[in-house]
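Here is a short tour of a chain whose sequence and model you can follow side by side. Keep the structure open as you read.

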Amino acid sequence: MVMQQQQQPGMIYGGQQMPPGTMMMMVPVQAPQGPPPLPVYWPPHPTTVHCPTCNTMVNTTTVKEPGLGTWMIAGGLCIVGCSFGCCLIPFCVDSLKDTMHMCPQCNRVLGMQKMV
Ligand SMILES: [Zn+2]
């Protein structure tokens, strides 16, 4: 009473059914002019990226500025009872600030590396 008709090996779908001409379906849709995308992760130091405005590779200029994380640390220091001067420490430490990457040629902000 055992039906073995459905136990055929799936060799038909092993990739041999596609004719060679269907390779174009695998290519994602691209813009005619595809510059390299800006990085998702920005390092805290200047890096080389493609500026979409200048349409060239540039070495970014980094600007440190206090961000949300800086204020959170400063607020945390206030809460735990540090003096007024201690609260300003995060604003003096570059590693606790956000890093803004700007194009040195057109001064466009290309990306931000945020603490939080
Ligand atoms: Zn630029």
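## The three-stranded sheet

Let us begin with an open sheet of three strands, ordered E3-E4-E5 and paired antiparallel. Strand E3 (61–65) and strand E5 (109–113) sit at the edges with a single partner strand each, so one side of each has no neighbour in the sheet. On average, and with direction ignored, neighbouring strands here are turned by 25° against each other. Please keep in mind that this is a predicted model.

The pairing can be followed bridge by bridge. E3 and E4 run antiparallel and are joined by five bridges, while four bridges join strand E4 (residues 98–102) to E5, again antiparallel. Met-100 is a handy landmark: Val-63 stands opposite this residue of E4, and in E5 its bridge partner is Met-112. Further along, Met-102 has Val-109 as its bridge partner in E5.

## The chain as a whole

Stepping back, the chain holds two helices and five strands. Read from the N terminus, its elements run β-β-β-α-α-β-β.

Of the 116 residues in the chain, 9% are buried. Among contacts between residues at least 6 apart in sequence, 59% join residues at least 24 apart.

## Helix H1 and what follows

How does the length of helix H1 (residues 68–79) agree with its number of residues? The helix has 12 residues, which at 1.5 Å a residue should span 16 Å. The C-alpha atoms at its ends are 16 Å apart, so the two values agree. Just after H1 comes Gly-81, with a positive phi of about 100°.

## Two asparagines with positive phi

Most residues other than glycine have a negative phi. Asn-55 has a phi near 60°, a positive value in a residue other than glycine. Asn-55 lies in the loop between strand E1 (48–51) and strand E2 (56–59). Is this residue buried or exposed? Asn-55 counts as exposed, because it has 9 C-beta neighbours inside 10 Å and the cut-off for exposed is 12 or fewer.

Asn-107 also has a positive phi near 60°, and its place is in the loop between E4 and E5. These two strands form a hairpin with six residues between them. Asn-107 is exposed, since 9 other C-beta atoms lie within 10 Å.

## A proline in the E1–E2 loop

The loop between E1 and E2 also contains Pro-52. With 15 C-beta neighbours inside 10 Å, Pro-52 counts as partly exposed, because that class covers the counts between the exposed limit of 12 and the buried limit of 20. Where does another proline come in? Pro-36 is 16 residues from Pro-52 in sequence, and their C-alpha atoms are 9.0 Å apart in space.

Notes
Residues are numbered from 1 along each chain as its sequence is written. This is a predicted model: local features need pLDDT of at least 70, side-chain atom pairs count only at pLDDT 80 or more; totals for chains, interfaces and linings use all residues. Two strands pair if DSSP finds at least two bridges between them. Axes are lines fitted to C-alpha atoms, for helices over the stretch in contact, and angles run from 0 to 180 degrees between N-to-C directions. Two residues are in contact if their C-beta atoms, placed from the backbone, lie within 7 Å. The expected span of a helix is 1.5 Å times one less than its number of residues.
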